[in-house]
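Good morning, and thank you for coming.

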Amino acid sequence: MNTVLLIKKIYQDAFESLGHFITKNFFKGFAWFSFGMFSVVLYAFIFRVMTGFPFQ
């Protein structure tokens, strides 16, 4: 019984760490993706302003 509880504890610790790792990397990737999309929008707006696009 002690072995089963030990194995359960090992798996529980491993999956808790894995969850934090995945969550941290997901938000880091999402932040870079958001920054990239904002850069594209900013570039498109500046390009339109510089070429004289008429905003109506």
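Let me start with a definition: a charge sits over a ring if NZ of Lys or CZ of Arg is within 6 Å of the ring centre and within 35 degrees of the ring normal. In this model, Arg48 lies over the face of Phe53, at 4.7 Å from the ring centre. Please bear in mind that what we are viewing is a predicted model.

I turn now to the overall form. The protein has 1 helix and 0 strands. Its radius of gyration is 24 Å, whereas the globule rule gives 10 Å for 56 residues, so the protein is more spread out than a compact globule. The C-alpha trace spans about 75 × 15 × 5 Å along the principal axes.

How much of the protein is buried? Buried residues account for 0% of the 56 residues. The exposed surface comes to about 5600 Å², and carbon and sulfur atoms supply 76% of that area.

Next, the helix. Helix H1 covers residues 2–50, which is 49 residues. From its first C-alpha to its last, H1 reaches 72 Å, close to the 72 Å expected at 1.5 Å a residue. Just after H1 comes Gly52, with a positive phi of about 80°.

Ser34 is placed in helix H1, and its relative accessibility of 31% makes it partly exposed. Between the C-alpha atoms of Ser34 and Leu18, which are 16 residues apart along the chain, the distance is 24 Å.

Let us move on to the aromatic residues. Across the whole structure, a search finds 4 aromatic pairs. One of the pairs joins Phe26 and Phe27 in an edge-to-face arrangement, with 5.3 Å from centre to centre and 65° between the planes. Phe26 itself is exposed, at a relative accessible area of 52%. Together, Phe26, Phe27 and Phe30 make up one aromatic cluster.

Why is the pair of Trp32 and Phe35 called edge-to-face? Planes over 60 degrees apart count as edge-to-face. The planes of Trp32 and Phe35 stand at 85°, with the ring centres 6.1 Å apart, so this pair is edge-to-face. Trp32 and Phe35 are 3 residues apart in helix H1, and therefore about one helical turn separates them. Both Trp32 and Phe35 are exposed.

How many salt bridges does the structure hold? It holds 1 salt bridge, in which the side chains of Asp13 and Lys9 meet at 3.3 Å, N to O. Asp13 and Lys9 are 4 residues apart in helix H1, so they too are separated by about one helical turn.

Thank you for your attention.

Terms used: Residues are numbered from 1 along each chain as its sequence is written. This is a predicted model: local features need pLDDT of at least 70, side-chain atom pairs count only at pLDDT 80 or more; totals for chains, interfaces and linings use all residues. Side-chain values use heavy atoms; hydrogens and water are left out. Helices (H or I, at least four residues) and strands (E, at least two) are DSSP runs, numbered from the N terminus. The radius of gyration is taken over C-alpha atoms; the globule rule is 2.2 Å times the number of residues to the power 0.38. Buried means under 20% relative accessible area, exposed over 50%, partly exposed in between (1.4 Å probe, protein chains only). Accessible areas come from the Shrake-Rupley method with a 1.4 Å probe; for residues, only the protein chains shown count as cover. The expected span of a helix is 1.5 Å times one less than its number of residues. Rings of Phe, Tyr and Trp (its six-membered ring) pair if their centres lie within 6.5 Å; planes under 30 degrees apart count as stacked, over 60 as edge-to-face and the rest as tilted. A salt bridge is a side-chain nitrogen of Lys or Arg within 4 Å of a carboxyl oxygen of Asp or Glu.
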